[in-house]
Amino acid sequence: MACTKFWQGFSLLCAVWFASGCGAVQQQLISVTVSPQSAVVAAGQAAHFTANVAGDMSGVVWSVNRVVGGSAAVGTIDVTGNYAAPMTTQDITVAVAATSRKDTTKSASASVTVAAPRVTVSVSPQSATVFAGQLKQFTASVTGDDTGVTWSVNGIASGNSSAGTIDSAGNYTAPNVIQDITVAVTATSKKDPGKSASATVTVAAPKIAVAVSPQSMVVFAGQLKQFAASVTGDNTGVTWSVNGFPGGNATVGTIDSTGNYTAPVVATNAIATVAATSKTDPTKTASGSVTIIASGVVASTANVQVAMYTITPPAGASIEFGMDTNYGLITWLQPAPPGGGAVSIQVAGMRLNSIYHMRAVLKFADGSEMDDVDHSFTTGNLPAASLPVITASSAPGLVPQSGVELLDLLGDPTKLGVVATDLEGNIIWNYNPGLTGGEIANPIKLLSNGHFLINFSLGGQDGGQSVLQEVDLAGQIIWQMSAAELNQALAAATCGGCNMTVIGTHHDFLPLPNGHLILLASAEKLESGVTGFPDPTNVTGDVIIDLDESHKPVWVWSAFDHLNVNRHPMAFTDWTHSNTIIYSPDDKSLILSMRHQDWVIKIDYNDGQGAGDILWKLGYQGDFVLQGGSDPQDWFYAQHDMTIISPNSSGIFEMLLFDNGNQRVLDANGTICGTATPCVSRVPILQVNESAKTAAIEWVDNLAPTFSVFGGSARLLSNGDVEFAECAPNTQNATIYEVTRTTPPQVVWQLQAGQNIYRGFRIPSLYPGVQW
């Protein structure tokens, strides 16, 4: 009990003691803390600090570097702990302190780093390529400083003429350089020169490039042509050279400072290189190629009316010519030989004893053309006694078909028999074969190779002393075959029926598209049982011989194998006397005009595979019914020069021929002309219908009272007119007419000759494929 009271009294004593001494114990336990304990504050910026005080409720006093409230130098702080950093150019560290108001010995502080503004500089763009002499804008971006920057190039303020200059706005002007350089464009802070940024600049020197135009050129020897040099990156110009020689020389040609090139005089074609070189940078050059064409050479030939023009063209050449430098006529185009080389072109179509101008027209692979210099040529003359007397005229107001007239003349052995005239009647080409046995030309044809093929034989005997000649315009014989040579070829041939002997070739021949040559020849055969003639009788009939490309016989046909020798309405024993043969491409047949049978017949040829059968006979007593006229008098008789004028050659087609009219049958009783009724000639166009076996007269030019006893020709011209030749008319000299295909026909043009015109053809020119 006593013990319990002791402890109760002691507890009360303790309570009284603590109550009376408690304040003194608190004063001794005051403590201050600051948060945050450290901070970094940008100059001029603010930060908030907090003071925590234990054992005291009276608060704290704030100071900076022991200055209550701070100062401008170290920053200020208010009673709530809001610190405002001072403006400074360098980082500083200050102490922000909170001190107990009750016990000034109690305080706490925070370390504050005041960060001076960070000056940074950047330049845009950071790299650039600038052409010499050009301007480029650069921009500086600065943080931590608003005083701006200074600009420099390669460390030189504002730069200089070597590195380029830059103004205060960052406009950089590149220097003029001839080689590329690299410079540094720098922006430096005015406030803090230690702060800068740079851009790398490549200054591109002008890229000198030289170009020459044209890059290729063709000139004739001695001619002047202009070259031009185009230079970029340099304005000092170029120097010119030819084949490496400055200014060139007489051998390769010369060139002046303005690019005028004068080609040298050369005898053969040459090539030169014209070069332009930069004066500033001699490594920069460009060149053009010059092909120098030696001017053509004009020479005489064996024919006084034909010149030989030789030139070496790039791809080909033709010759234009005329009596003045307007020229007006042209030859065909002759290609350059494979691999190049000279081309010699015969120039024909000129009058006798006249001065002509001519020049080559060169053709290039791209189709372009170039003209040679003008040349003159004087044609020769021929003995006046050898010249046919020819006149020609056109009807007023009418224009004939253009071209030249190819004449096959006979009747006067002292005069030329092969001539071509212009439409005024001037002789512009001739050929004299030099034959002295009385041979005459029948016929003359222009071949696709530019040569003429001419058959010569005696006029009184079909095929007598015949010789077939291929000649060029100058009269050079390219190939020929005499009757004897033909018989040798027949004897050596292996084709069926080829073992025959012929008198010779006569009246016509036919070049075929496949290169073969069809010959019309005559042969003799002793025939028995010929009514009204001795038994046997020697009869002359026609044969057809097919020569291949090597002039070897490969197929033959004989009239003796297919016709009745007892039908001989005219001039027997010259039984058939054929004078025209043509090819029917539609059915590969041959069509033969037989004057002494008054027939045109179609033969199964089939390009040399046919049996030779006669497919039909057209004419009096033939297989066809005449329409549009009276039978028998309106059939053709003793005809010449049959031709097909429609696009097709079989089925229903048109045929044109010269109907001489000899022994024309006038009625059903067989009365013939020449006694009470005169014979007359005509020029009909027949529409032949093979399946219906009808022949309708579509158009006719009745030439009465003219009767041309032999010869003659008839052709449709490309302008639609009809041209025909009256070889031996009874009313006037031999005449060729061009007439309209109207009823009645109207004469457009006519030509007269003082000798017979066996045939006269309007051809476009003396050159295949060329229209004059």
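Asp-587 is partly exposed, at a relative accessible area of 30%, where buried means under 20% relative accessible area, exposed over 50% and partly exposed in between, with a 1.4 Å probe and protein chains only. The model is a predicted one, in which local features need pLDDT of at least 70 and side-chain atom pairs count only at pLDDT 80 or more, while totals for chains, interfaces and linings use all residues. Residues are numbered from 1 along each chain as its sequence is written, and side-chain values use heavy atoms, with hydrogens and water left out.

The side chain of Asp-587 meets that of Lys-602 in a salt bridge of 2.6 Å, N to O, a salt bridge being a side-chain nitrogen of Lys or Arg within 4 Å of a carboxyl oxygen of Asp or Glu. Because Asp-587 sits in the loop between β55 (578–584) and β56 (589–594) and Lys-602 in strand β57 (residues 599–603), the pair ties together parts that are 15 residues apart in sequence; helices (H or I, at least four residues) and strands (E, at least two) are DSSP runs, numbered from the N terminus. Lys-602 is buried, with a relative accessible area of 1%.

A search of the whole structure finds 22 salt bridges. Among them is the pair of Asp-508 and Lys-445, at 2.9 Å, N to O; as Asp-508 belongs to strand β51 (residues 504–511) and Lys-445 to strand β47 (residues 439–446), this pair ties together parts 63 residues apart in sequence. Asp-508 counts as buried, at 3% relative accessibility.

Glu-698 and Arg-741 also form a salt bridge, with the closest N and O atoms 3.7 Å apart. Glu-698 lies in strand β63 (residues 694–702) and Arg-741 in the loop between β66 (734–739) and β67 (747–753), so the parts tied together are 43 residues apart in sequence. Glu-698 is partly exposed at 37% relative accessibility, and Arg-741 is partly exposed at 32%. Elsewhere, salt bridges that share partners join Glu-405, Glu-723, Glu-738 and Arg-762 into one network.

In helix α2 (residues 483–492), the buried residues are Ala-483, Leu-486, Asn-487, Ala-489 and Leu-490. Seen down the axis of α2, these buried residues fall within an arc of 160°, so they line one face of the helix, the arc being that of the directions from the helix axis to the C-beta atoms. On the other side of α2, Gln-488, Ala-491 and Ala-492 are exposed.

Grid points are joined across faces, edges and corners, and a volume is the space filled by probe spheres set on the points.

| Space | Volume |
|---|---|
| Largest cavity | about 30 Å³ |
| Largest pocket | about 1300 Å³ |
| Second largest pocket | about 430 Å³ |

The largest share of the lining of the largest cavity, three residues, comes from β44. Of the 48 residues lining the largest pocket, Lys-445, Leu-446, Leu-510, Pro-511 and Arg-715 lie nearest its centre.

Terms used
1 Å grid on protein atoms, 1.4 Å probe; cavity = no way out; pocket = protein on both sides within 12 Å on 5 of 7 lines; lining within 4 Å.
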